[in-house]
Amino acid sequence: MLIRLEHIEKTYGTPEHPVPVLHDVNFTMEEGAYYAVMGPSGSGKSTLMNILGYLDTPTSGTYYFEDVDNSRASDVKMARIRNEKIGFVFQSFHLLQRRRAWENVALPLMYGNVPKRERRERAEQALCEVGLKDRMDFYPTQLSGGQCQRVAIARAICTRPKLLLADEPTGALDSRSGQQIMDIFDGLHERGMSIIMITHEHAVAERASRMLHIYDGVLTGGDAE
Amino acid sequence: MLENFREAFDGIRSHKLRSALTMLGIIIGIASIIAISSTIMGTNEQIKENLVGSGSNVVTVRLYQGDYPFETAWATAPDYITALTDSTLEEIRAIPEVASAAYYAQRDAYGQIRSGGNALSAGTVYGIDRSYPSVYGYTVRSGRSITDSDCTHFRKVAMIDETVSAALFSGANPIGKTIDICGEPYIVIGEFTRASDFRPKVSTLDEYFTYNQSSGGKVLIPFSTWPVLFRYDEPRSLVIRAVDTDSMTVAGRKAEEILNGTIRQENPEVRYKSEDLLEQAKNLQELSSATNRQLILVAGISLIVGGIGVMNIMLVSVTERTPEIGLKKALGARRRRISAQFLIEAGVLTCLGGILGVIVGIILAYGISKMSGVPIFISWVIVAATVVFSFVIGMFFGAIPAYRAARLDPIEALRHE
């Protein structure tokens, strides 16, 4: 099992005035699955993604990633998991404006101490996968929104992560570009990538092999099997 | 590491004006330190040069009454001052720091040196032996020097310097002419000059008096003929040449000790003292350094202010780049890496400021030198130290922003748009 969440609770605020965000979230995910998480804004879906991506820790409950509980891992270990096992795609791309496309893609490779020569090679390969080989040396300002998001996807997959986390990847794009992005995710899924995508567009969510709903911090459809 | 530097330069380049203004504080601080220190050191070199002369390394040891040289013209030396012997001189010559040494007697002679109708208004008569001119660094320009035989035969011969020659003979060859010293006729056998080119710069009255002695007219006669002009058992002084400039003080002290050992009195009022120009130079340098050290302190404070400016801008920079920090953390950048980025940026900023400050400081120092005529001396040690110091300031004031950046919560950072 790639992911297993058991009784995940997340509460923000002070002990006197707790603000519950996630309540008893349980779900499991096999390797190679493609899940979509749907829910209105403020439902807790971003918090869920942060927990899944080791950017945040749950208040209680256990998160097993590849059957390992990493809740007590050090900061350095967390950084390594994020670097090696997880790829992030954000709504607003988060590309570094002063770096060429391939340099943006190679960024996580640098943090993973991949030798310099290999970085460009692997970045090129990842850009190939998203169909942007000819834009390698472009700067983000020279690319369209859809192209930027494809660079961001290349950045997320170049470390060959176990899990791809996408937070509204089409949210900032026009429908045609959005379509292209979704096609890329489909392709990645076909080649065995495990994907969790957060979205509030039904059409986008329907492409996933499974749809989860989150509403006021309560997840449904998680352990339906 | 290389990437860290690239990021730092990116950060600086993307806000050129802001970075330049931030650096300005550092530039001003470093520039003033460089300008001040270069001028101080230049002044010190000049003082040393002026007072010590270019490498003559001569120290005189004379009798003093309290703080003033003992005036043989006005008083006889007390009984406990004994005549200096040759064995004492040998003892002094054996001092490792002493290259050569000679005894001499001296008297100021105002208007008492004449030839024909001309008189020397101010001059000094020296009673010497054969070795004195070479110890003092005199060379014979024309004629000959005083010899042992002049001394043993009590010959009334004299060597004169250019000043005397010019005053008494106005350009004519003085050799063989007779001059009148305190009413006694002496035959001029030689004209001498200082071996090393010594051109003191006289800009104040005090300096004028200091150099008056050395630049006034000098007449050298055999010491054996001294009693003819003055008293029979007049105390003598000592001149020594130290092996190098830095050992002048030690040589003077040791010689002084030996000479004072010949005094037969426990706490004599009159005693030998070395007249060490290096020591005087040091005292003057001390004075100029002390005043300027405070200036450097003020400049140092401006550096701290500059450092605070750097910290301020780095904090802004961290806030501004919060999403970037968040992204890097999400991609697996460690805290150490994030803090290194900002530390290096602060370091590069202050280092650049330091280097520019050094350049501005050197230009400033040259400007001061041009305007005031004071020479400058640029110490590369100080230049290197100031650049390193500015880097340290960057590290110090960059530490808090860097720590804040490293501690940023990635979720908060990513949400920050």
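Helices of at least four residues (H or I) and strands of at least two (E) are DSSP runs, numbered from the N terminus. The model is predicted.

**View 1**
The loop between β7 and α6 of chain A holds A:Glu168. Most residues other than glycine have a negative phi. Is A:Glu168 buried or exposed? A:Glu168 has 21 other C-beta atoms within 10 Å and is therefore buried, the cut-off for that class being 20 or more.

**View 1. The open sheet of chain A.**
Six strands line up as β6-β7-β8-β3-β9-β10. Their pairing is mixed. Which strands stand at the edges? They are β6 (86-89) and β10 (218-220) of chain A. Each has a single partner strand, so one side of each lacks a neighbour in the sheet. From one strand to the next, the twist averages 20 degrees.

**View 2. Strands β3 and β8 of chain A, with helix α6.**
Strand β3 (residues 34-38) runs parallel to strand β8 (residues 194-199), both of chain A. The two are joined by 5 bridges. One bridge partner pair is A:Ala36 and A:Met197, the latter in β8(A). Helix α6 (residues 175-190) of chain A packs on the sheet. It touches β3, β7 (163-167) and β8 of chain A. The direction of α6 makes about 155 degrees with that of β8(A).

**View 3. A:Arg207 and its contacts.**
A:Arg207 sits in the loop between α7 (202-205) and β9 (210-215) of chain A. Leaving aside residues up to four places away in sequence, A:Arg207 touches A:Met182 and A:Asp186. A:Arg207 and A:Tyr35 are 172 residues apart in sequence. In space, their C-alpha atoms are 9.1 Å apart. With 17 other C-beta atoms within 10 Å, A:Arg207 is partly exposed.

B:Cys182 lies between β9 (178-181) and β10 (184-194) of chain B, in the loop. B:Cys182 has 14 C-beta neighbours inside 10 Å and so counts as partly exposed.

**View 4. The contact between chains A and B.**
Chain A supplies 21 residues and chain B supplies 17 residues. On the chain A side, α2 (75-85) and α3 (101-111) are the elements that give two or more residues. The most come from α2(A), with 6 residues. By class, this side of chain A has 10 nonpolar, 6 polar and 5 charged residues.

Terms used:
Residues are numbered from 1 along each chain as its sequence is written. Chains are lettered from A and ligands numbered from 1 in the order in which they are written. This is a predicted model: local features need pLDDT of at least 70, side-chain atom pairs count only at pLDDT 80 or more; totals for chains, interfaces and linings use all residues. Two residues are in contact if their C-beta atoms, placed from the backbone, lie within 7 Å. Ala, Val, Leu, Ile, Met, Phe, Trp, Tyr, Cys and Pro count as nonpolar, Asp, Glu, Lys and Arg as charged, and the others, Gly among them, as polar. Two strands pair if DSSP finds at least two bridges between them. Axes are lines fitted to C-alpha atoms, for helices over the stretch in contact, and angles run from 0 to 180 degrees between N-to-C directions. A residue is buried if 20 or more other C-beta atoms lie within 10 Å of its own, exposed if 12 or fewer, and partly exposed in between; C-beta atoms are placed from the backbone.
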